[in-house]
Amino acid sequence: MDREHVKGAADKAKGAIKEGAGKLTGDKDMEAEGKIDKAKGSAHNAAGDVKDAARDAPDALKK
C-alpha cells in the first residue's frame with residue numbers, strides 16, 4: 001500500500017464521518033463536505049492504482 005492508498009483511505013473515512021454527522025445534525029454543508037472528502041479518497045485510490053500498474057508493468061513485460 002503506497003501513500004496514495006493511505007491518503008485515499010483516510011479521506012474516505014473522514015468523509016464518511018462528516019457525512020454521517022451532517023445527516024445526523026441536519027447540517028447539509030457538512031454532509032456535502034463529507035461527500036467531497038469521500039470523492040477525494042476515491043481519486044487518491046485511483047491514483048494509487050495507476051501507480052501500482054505503472055510499477056508492475058515492466059515486470060509483466062519481462063515474463
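A residue is called partly exposed when its relative accessible area falls between the limits for buried (under 20%) and exposed (over 50%). In this predicted model, K38 has 33% relative accessibility and therefore counts as partly exposed. Its salt-bridge partner is E19, with N and O 2.8 Å apart. The two residues come from distant parts of the chain, K38 sitting in helix α2 and E19 in helix α1, 19 residues apart. E19, at 9% relative accessibility, counts as buried.

Helices α1 and α2 are also joined by a second pair. E33 and K18 form a salt bridge whose closest N and O atoms are 3.3 Å apart. Because E33 belongs to helix α2 and K18 to helix α1, this contact ties together parts separated by 15 residues in sequence. Here both partners are partly exposed: E33 has a relative accessibility of 40%, and K18 has one of 25%.

The start of the chain takes part as well. D2 forms a salt bridge with R55, and the closest N and O atoms of this pair are 3.5 Å apart. D2 lies in the segment before α1 (3-25), whereas R55 is found in helix α2 (residues 28-62), so that the bridge links distant parts of the chain, 53 residues apart. D2 is buried, at 15% relative accessibility, while R55 is partly exposed, with a relative accessible area of 48%. Salt bridges with shared partners bring D2, D52 and R55 together in one network.

In total, the model holds 8 salt bridges, among them the K38 and E19 pair described at the outset.

Technical notes: Residues numbered from 1 in each chain as written. Predicted model: local features only at pLDDT ≥ 70, side-chain atom pairs only at ≥ 80, totals over all residues. Heavy atoms only, no water. Salt bridge = Lys/Arg side-chain N within 4 Å of Asp/Glu carboxyl O. Helix = DSSP H or I, 4+ residues; strand = E, 2+ residues; numbered from the N terminus. Buried < 20%, exposed > 50% of the residue type's maximum accessible area, 1.4 Å probe, protein only.
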